[in-house]
Amino acid sequence: MAIISYIKENRISSVSLTGGDVFMNPFLAEIVAITENEGLMVTLLANAKSNQSKIIKWINSGRRINLTFSDFSEESRRFVYKLLSNCESTKKIYFVITYMNQSFEEVHAFINLLNGFNIMPEVNMSFLDESTYMFRENLANVLEKLILLTLQGQIKIISEYVTATIRDYVNEKVMFRCSLNKRLKIDIDGNLFPCPFLYKREHAIRNVINGDNLKNIVTVEHIINKRKKSSCGQCERFDSCLGGCPLGYFYGALFNGQHCFLYNVAVKTIEMLMKE
């Protein structure tokens, strides 16, 4: 209730409940009821291979759910087909494809399955890295295919940092997508974070339960201005990528090397497509 009070005071209208496996929380129904009674919209974020009956029940209640998925084998496709076939409507189901650690053909077959249920999945390019099969297979070729699927209306590409060029090319506009101070996270202890991907207590802004102010808010503009003064700011493409995901500000160079490599591959792929 302390967290909900803080949310309402700051005129936030929607809440996303996540886990671990959110359906394993024995108080989920009570938490949802309390939150909705306070006039807030509730969305669940869950793995598509979580408790199938509970997912179907939630979907058939008319509420929104974000389902993540990273396994695209034939067995998994049958599982998802059965799941979606038992849903009265798929209008409020949002699929996010992560960790593409199988061939493009397997991922494409899964995308076609979702399209058959009028679902356009989001492909989170943030997880396309050296640990994934697609990255090692032929990254430039995969990027080209994903761009084409986007242009054909089969998928949406999302990313916090690695595909600014692809996004701008597809959307025909420049939009630096960053959730810092726009999409907040509150953990179970009441610590408030300016980004849902931050997790260390030292990065929390405040504690909404006891009211302790833990840290001043760091803005995107502050991080961008700091990077402009670094070697990153000398890059001819800095105005497009703005130095990558601000998480690098908190966690060091964890993301930046990967960002630059993928960004350059994306540029070359798009230039090739535009020539054709």
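**Briefing: contacts, sheet, helix pair and loops**

In the protein chain, residues 24 or more positions apart account for 59% of the contacts with a separation of 6 or more, where contact means heavy atoms within 4.5 Å. This is a predicted model, in which local features need pLDDT of at least 70 and side-chain atom pairs count only at pLDDT 80 or more, while totals for chains, interfaces and linings use all residues. Residues are numbered from 1 along each chain as its sequence is written, and side-chain values use heavy atoms, with hydrogens and water left out.

**Overall make-up**

- The protein chain has eleven helices and nine strands; helices (H or I, at least four residues) and strands (E, at least two) are DSSP runs, numbered from the N terminus.
- Of its 276 residues, 44% count as buried. Buried means under 20% relative accessible area, exposed over 50%, and partly exposed in between (1.4 Å probe, protein chains only).

**The six-stranded sheet**

- Six strands form an open sheet in the order S1-S2-S3-S4-S5-S6, with parallel pairing; two strands pair if DSSP finds at least two bridges between them.
- Strand S1 (14–17) and strand S6 (156–158) are the edge strands, each pairing on one side only.
- From one strand to the next, the twist averages 25°.
- S1 pairs with strand S2 (residues 41–47) in the parallel sense over four bridges.
- Within this pairing, Thr 43 in S2 is the bridge partner of Ser 16, and Leu 44 in S2 is the bridge partner of Leu 17.

- Helix H5 (residues 104–116) has 13 residues and reaches 18 Å from its first C-alpha to its last, close to the 18 Å expected at 1.5 Å a residue. The expected span is 1.5 Å times one less than the number of residues.
- The buried residues in H5 include Phe 104, Val 107, Phe 110, Ile 111, Leu 113 and Leu 114.
- Two packed helices are described by the angle between their axes and the distance between the axes.
- Helix H4 (residues 74–85) packs with H5 at an angle of about 10°, with their axes 11 Å apart. That makes H4 roughly parallel to H5, a term for angles under 35 degrees.
- Axes here are lines fitted to C-alpha atoms, for helices over the stretch in contact, and angles run from 0 to 180 degrees between N-to-C directions.
- Arg 77, Val 80, Tyr 81 and Leu 84 in H4 meet Glu 106, Ala 109, Phe 110, Leu 113 and Leu 114 in H5.
- By class, this contact of H4 with H5 has seven nonpolar, no polar and two charged residues. Ala, Val, Leu, Ile, Met, Phe, Trp, Tyr, Cys and Pro count as nonpolar, Asp, Glu, Lys and Arg as charged, and the others, Gly among them, as polar.

**Loop residues**

- Arg 11 sits in the loop between helix H1 (2–9) and S1. Arg 11 has a positive phi of about 60° although it is not a glycine, and is exposed, with a relative accessible area of 80%.
- Asn 118 follows H5 and lies in the loop between H5 and strand S5 (122–124). Asn 118 is not a glycine, yet has a positive phi of about 60°; at 72% relative accessibility, Asn 118 counts as exposed.
- His 203 is in the loop between strand S8 (191–193) and strand S9 (206–207). His 203 is buried, with a relative accessible area of 7%.
- His 203 and Phe 193 are ten residues apart in sequence and 6.7 Å apart in space, C-alpha to C-alpha.

Note on methods
Angles under 35 degrees count as roughly parallel, over 145 as roughly antiparallel, 65 to 115 as roughly perpendicular and the rest as oblique.
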